[in-house]
Amino acid sequence: MVSYDDKASTQCERTNQAAEISFGIGKLSGHFFLDDVKIGGIQIKKQKFGNVEQQEGIFEGGFEAIIGMAYPALAEEGVTPVFENMMD
């Protein structure tokens, strides 16, 4: 499994925008980052995405997610989902 490591990127920019999602008895929180994303042959420059830094409740012990699969209407304000950017 591949996980995001912001320290492994020379292009990564941590934003001041907090990211938080609550799911009943669990919560994920962190910050939004800007980084170049490459999936297959498609590259997106400065993609904005949330990076999990803290996990609570049902998520303790490890959590992985697929980024960018939200519908644009469900995405965080000011964030274009990865999938949408791939289509452009």
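## Val37 and its contacts

Start with Val37: setting aside neighbours within four places in sequence, this residue is in contact with Ile42, Gln43, Ile44, Gln47 and Phe49. Keep in mind that the model you're looking at is predicted.

Where does Val37 sit? You'll find Val37 in strand β2, which covers residues 26–39. Is Val37 buried or exposed? Its relative accessible area is 12%, and since buried means under 20%, Val37 counts as buried.

Val37 and Met86 are 49 residues apart in sequence, while their C-alpha atoms are 9.9 Å apart in space.

## The sheet

Now for the strands. Three of them make an open sheet in the order β1-β2-β3, and the pairing is antiparallel. On average, neighbouring strands here are turned by 35° against each other, if you ignore direction.

How many bridges join β1 and β2? Their antiparallel pairing runs over eight bridges. If you look for Glu13, you'll see that it stands opposite Leu34 in β2.

Why does Phe23 count as partly exposed? Its relative accessibility is 41%, and partly exposed is the range between under 20% (buried) and over 50% (exposed).

Key:
Residues numbered from 1 in each chain as written. Predicted model: local features only at pLDDT ≥ 70, side-chain atom pairs only at ≥ 80, totals over all residues. Heavy atoms only, no water. Buried < 20%, exposed > 50% of the residue type's maximum accessible area, 1.4 Å probe, protein only. Helix = DSSP H or I, 4+ residues; strand = E, 2+ residues; numbered from the N terminus. Contact = heavy atoms within 4.5 Å. Pairing = 2+ DSSP bridges. Axes fitted to C-alpha atoms, helices over the stretch in contact; angles between N-to-C directions.
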